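Thanks for coming, everyone. Let me put the model on the screen and walk you through a few places in it.

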Amino acid sequence: MPKRIPDLDGMAAVRAALAPEPSRQDRALAVRYSLQCLAERAPGKSVEVRVPPFGAVQAVEGPGHTRGTPPNVIETDPATWLALATGAESWADAVGRGAVHASGVRADVSAWLPVLRLPGS
């Protein structure tokens, strides 16, 4: 199991990743931290959320999978994921513009978004 990212480090990375021209390191840590927050908020193994190239988690209660491609997969790019995770974009808008690819009957994490609240937002 990956080491837990401390909240202070994670939130600092999120703030840095949302600034103009973030470093790859800040963006990667922000994505991993926000995925960690989703997994903590919606524990389970029925949905796999992928944000290549930085990370993936299994979340949401329900039937899990152990090998092969899971039946419920969500995949998006880092900028879209961070917008979803912080509430800057709605799930419906991101799916509607084709920035989120979701397959499977359980592949909807909108009930758990946003997973992060930045001060002043």
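Start at Asp 7. Asp 7 is partly exposed, because its relative accessible area is 39%. Keep in mind that this is a predicted model. The partner of Asp 7 is Arg 4: they form a salt bridge, with the closest N and O atoms 3.3 Å apart. Arg 4 is partly exposed too, at a relative accessible area of 41%.

The side chains of Arg 4 and Glu 40 meet in a salt bridge at 2.9 Å, N to O. This pair links distant parts of the chain: Arg 4 sits in the segment before α1, Glu 40 in helix α2, and they are 36 residues apart. Glu 40 is partly exposed, with a relative accessible area of 42%.

Is Gln 36 buried or exposed? At 12% relative accessibility it counts as buried, because the cut-off for buried is under 20%. A polar atom of the Gln 36 side chain lies 2.8 Å from the backbone nitrogen of Ile 5. Leaving aside residues up to four places away in sequence, Gln 36 touches Lys 3, Arg 4 and Ile 5. Arg 4 again, then: in contact with Gln 36, and in a salt bridge with Glu 40.

Now the helix as a whole. α2 has 18 residues. From first C-alpha to last, α2 reaches 26 Å, close to the 26 Å expected at 1.5 Å a residue. Its buried residues include Ala 28, Val 31, Tyr 33, Leu 35 and Leu 38. What covers the buried residues of α2? Among the elements that do so are α1, β1, β2 and α3.

Four of the five residues of β1 are buried, so β1 is largely enclosed by the rest of the structure. β1 and β2 run antiparallel, joined by five bridges. They form a hairpin with three residues between them. Glu 48 has Gln 58 in β2 as its bridge partner. β1 also pairs with β3. Those two run parallel, with three bridges. There, Arg 50 stands opposite Glu 75 in β3.

Next, some backbone features. The peptide bond from Pro 52 to Pro 53 is cis, omega near 5°. Pro 53 is in the loop between β1 and β2. A cis bond also runs from Leu 113 to Pro 114, with omega near -5°. Pro 114 lies in the segment after β4.

Then positive phi. Glu 21 is not a glycine, yet its phi is about 55°. Glu 21 is in the loop between α1 and α2. Glu 21 counts as exposed, because its relative accessibility is 79%. Val 60 has a positive phi as well, near 75°. Val 60 is in the loop between β2 and β3. At 5% relative accessibility, Val 60 counts as buried.

Last stop: back to salt bridges. How many does a search of the whole structure find? Five. One of them joins Glu 89 and Arg 97, the closest N and O atoms being 2.7 Å apart. Glu 89 is buried, at a relative accessible area of 17%. Arg 97 counts as exposed, at 52% relative accessibility.

Terms used: Residues are numbered from 1 along each chain as its sequence is written. This is a predicted model: local features need pLDDT of at least 70, side-chain atom pairs count only at pLDDT 80 or more; totals for chains, interfaces and linings use all residues. Side-chain values use heavy atoms; hydrogens and water are left out. Buried means under 20% relative accessible area, exposed over 50%, partly exposed in between (1.4 Å probe, protein chains only). A polar contact is a pair of N or O atoms within 3.5 Å; within protein, one must be able to donate a hydrogen and the other to accept it, and residues adjacent in sequence count only if both atoms are side-chain atoms. Contact means heavy atoms within 4.5 Å. The expected span of a helix is 1.5 Å times one less than its number of residues. Two strands pair if DSSP finds at least two bridges between them. A salt bridge is a side-chain nitrogen of Lys or Arg within 4 Å of a carboxyl oxygen of Asp or Glu.
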